[in-house]
Amino acid sequence: MEPNQSQDSRLKTIRTLRIAIASTAVALGLVVLFETNRQPRTDDAEVLANFIGIAPQVEGPIARLSVRDNQFVKKGELLFEIDDRPFRYALERAQSEQAALEGQIADDRRAIAAQQERRVRGEGQSQECRGGFAPLASHGRRCNSGCRQRRTGSKPVESGMGVRG
């Protein structure tokens, strides 16, 4: 029985070795697969990525970049900040120009009011010309009171087109 027993133990040992070798090969294959997925290496690699172009509503130098390369971002997340100094300067210049124009408008309104006040007071016109005859006299027509003559120093023209009141 000895030869038979040694042959059985030999077969068990061979079977155990076969199972151990197969198990080790499967375990090493899984380790290699895991490591190559975690840290891939190759001499001939090609990387595919989704690139999305972005453009700001205004242009200018970037003051601060808030994202890193290949970082996932969500809609509405701050990507970068544009230097606002040129815009502040433009705003200040526009505000000073606006203030200057508003001052000029106020000066013009005061000048217009002064001219209207002089007209209302009737400087240089007689009582009759401040009434209904002033528009006629200003268009070169003659009124009976002679206001054009007093105002401009010229004599009325006798043309037959005179208006009589």
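## Surroundings of Asp-83

Asp-83 touches Pro-61 and Ala-63, leaving aside residues up to four places away in sequence; contact means heavy atoms within 4.5 Å. This is a predicted model, in which local features need pLDDT of at least 70 and side-chain atom pairs count only at pLDDT 80 or more, while totals for chains, interfaces and linings use all residues. Residues are numbered from 1 along each chain as its sequence is written, and side-chain values use heavy atoms, with hydrogens and water left out.

The loop between β2 (80–82) and α2 holds Asp-83. Asp-83 is buried, at a relative accessible area of 15% (buried means under 20%, with a 1.4 Å probe and protein chains only). The side chains of Asp-83 and Arg-85 are joined by a polar contact of 2.6 Å, that is, a pair of N or O atoms within 3.5 Å, one able to donate a hydrogen and the other to accept it.

## Confidence

The protein has a mean pLDDT of 78, and 72% of its residues reach 70 or more; pLDDT is the predictor's confidence in each residue, from 0 to 100. Over residues 158–165 the pLDDT is below 50, and this stretch has 10 contacts in the model beyond near neighbours in sequence.

Among the elements, the highest mean pLDDT, 94, belongs to helix α2 (residues 85–121), and the lowest, 50, to helix α4 (residues 147–152). Helices (H or I, at least four residues) and strands (E, at least two) are DSSP runs, numbered from the N terminus.

Methods: Buried < 20%, exposed > 50% of the residue type's maximum accessible area, 1.4 Å probe, protein only.
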